[in-house]
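Have a look at the fold below, and then we can go through them together.

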Amino acid sequence: MGSRFPSHQLSNGLYVSGRPEQPKERPPTMSSTAMPYTGGDIKKSGELGKMFDIPVDGSRSRKSGPISNAPSRTGSFGGATSHSGQIMPNSANRATSASSGISSSATVKKSNSGPLNKHGEPVKKSSGPQSGGTVSRQNSGPLPPVLPTTGLITSGPISSGPLNSLGAPRKVSGPLDASGSAKLHTASVVHNQAVTKLSQEDDYSFHRSFPKPVLWAMVLLFVMGFIAGGFILGAVHNPILLIVVVVLFSAVAAVFTWNHYWGRRAITGFIAQYPDAELRTARDGQFVKVSGVVTCGNVPLESSFQKVPRCVYTSTSLYEYRGWDSKAANPKHRPFTWGLRSLERHVVDFYISDFQSGLRALVKTGYGARVTPYVDESVVVDINPSNKDMSSEFIRWLRERSLSSDDRVMRLKEGYIKEGSTVSVMGVVQRNDSVLMIVPPPEPFPTGCQWMKCILPASLEGVVLRCEDSSKIDVIPV
């Protein structure tokens, strides 16, 4: 066919205009296969494993086939992917197999980077219980701790009840049982080693403070005097010696009775008149008296009945009056007197700021130290059979301590030293590096004889605390 336009015939017999195209070199075709992530297993990395002479796991091969009721996809999340086309030789070693016909409820596995075990395989970890149809994953990082039944990761032992974000038991708001909270508070005070529990024997007593050898010597002399006076009276009928012995005995008995009832007041007067020392110039081991403002230490106290917070000393006493036919409060309770039925008295370590120098010292009265308190108490409640039902707080206080509230005449007294109160402390100065402390003296401190007041010598044991009625005195804020 003659024409000025060149033409050529195609392979199918069709003539087209133009010159035939020159055959071009086709670039080599490469098949791109989406490979699943190896999870850090070097055996599945193909060429990288061969570089380090590590046997390659070639037992797995990729098979084509549809997944029922699930779309097939290529990518790192390739639980079951199909591949069409030529598979490269190197790709065959790196391909993972996925069997066809997996149901839609089957578990789909997803592998991420993570630590290897000693065989070079990824460590399998799970978070939470596994069930059918759930997706199990391999998470990177260390293994989580064993979870309690609540599913929360907590620190410390597993405890029942709600937990807060820090893993500690959550404080639930709402009304609490008053008796339960009081019992817990009492138990914590009793079992705390930092709290010193004082008894009635720690109070001032003339019989305990008077020297026992002197007392027994006087008793022996009077017995011998009565025997001699009686013998002379019977033998020569001369009563002079017996009269002298009786007068002396009456005078001594009067002095003992005076000291028994007025001895405590005389001791508080002696403490008030004793000069205050300055902590700045006090020597180590010197017996001093320091007056100042109280500051709580690490363990503050709370009064038993009035619930006064941040105290360093608390005392609650229950007294009963014994009539002619009423019950005794204690084995030593005499008729027509007030007898002590219950006593709760505690003291802890505290700080005192000296008025003289402004220095602050630690007073060691806790951890079972010897303490002699002279703290005034005030009457809180007076109960008799006619008004015993009027004070519900007093009835609750008795019930918490398993004390009966029958027809008795009772009186409740309470005293305390709260933070900011002004007190006087007597003890021995002890300097330990930069810490200034007041500790109990090794031996009792004698008060001497007060002749003008007919007060016999007494002794002060341990750290002496003196404070007036705190409920009538304004405290200094600290």
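This is a predicted model: local features need pLDDT of at least 70, side-chain atom pairs count only at pLDDT 80 or more; totals for chains, interfaces and linings use all residues.

Q: What makes β6 and strand β9 (residues 350–354) a pair, and in which sense do they run?
A: Strands pair when there are at least two bridges between them. β6 and β9 have 5 bridges, in the antiparallel sense, so they pass that test. One of the contacts along the way is C296, whose bridge partner in β9 is F350.

Q: Which other strand is joined to β6, and by how many bridges?
A: Strand β14 (residues 422–432) is joined to β6 by 7 bridges, and the two run antiparallel. Within that pairing, V288 has G427 of β14 as its bridge partner.

Q: Why is strand β6 (residues 287–296) described as largely enclosed?
A: A residue is buried when its relative accessible area is under 20%. In β6, 10 of the 10 residues are buried, so the strand is largely enclosed by the rest of the structure. For the protein chain as a whole, 32% of the 478 residues count as buried.

Q: What joins β9 to strand β10 (residues 360–363)?
A: There are 4 bridges between β9 and β10, which run antiparallel. S353 stands opposite R360 of β10. The hairpin of these two strands has 5 residues between them, and there G358 takes a positive phi near 85°.

Q: Which residues have the most contacts inside the largest nonpolar core?
A: That core has 32 residues, and V312, F350, I352, I417 and V425 have the most contacts inside it. The largest share of this core, 4 residues, comes from β6. Apart from it lies another core of 18 residues, among them F256, Y374, M437 and V439.

Q: With which residues is F350 in contact, leaving aside its neighbours within four places in sequence?
A: The partners of F350 include V294, V312, L362, V425 and L465.

Q: Why are β5 (196–197) and β12 (378–383) said to stand at the edges of their sheet?
A: The open sheet has 5 strands in the order β5-β8-β7-β13-β12, with antiparallel pairing. β5 and β12 each have a single partner strand, so one side of each is left without a neighbour in the sheet. Elsewhere in that order, β7 (residues 311–321) and β13 (residues 409–418) pair over 10 bridges, with L318 opposite L412.

Q: What makes the aromatic pair of F270 and Y274 tilted?
A: The two ring centres are 5.9 Å apart, with 55° between the planes. F270 and Y274 form one aromatic cluster with F287 and F445.

Q: Why does F270 count as buried?
A: The relative accessibility of F270 is 16%, and the cut-off is under 20%, so F270 is buried.

Q: How do you know that the charged end of K413 sits over the ring of Y319?
A: The distance to the ring centre is 5.5 Å, and the label asks for within 6 Å, as well as a position within 35 degrees of the ring normal. R411 likewise lies over the face of W338, at 4.4 Å from the ring centre.

Conventions: Residues are numbered from 1 along each chain as its sequence is written. Side-chain values use heavy atoms; hydrogens and water are left out. Buried means under 20% relative accessible area, exposed over 50%, partly exposed in between (1.4 Å probe, protein chains only). A nonpolar core is a set of buried Ala, Val, Leu, Ile, Met, Phe, Trp, Tyr and Cys residues joined through side-chain atoms within 4.5 Å. Contact means heavy atoms within 4.5 Å. Rings of Phe, Tyr and Trp (its six-membered ring) pair if their centres lie within 6.5 Å; planes under 30 degrees apart count as stacked, over 60 as edge-to-face and the rest as tilted.
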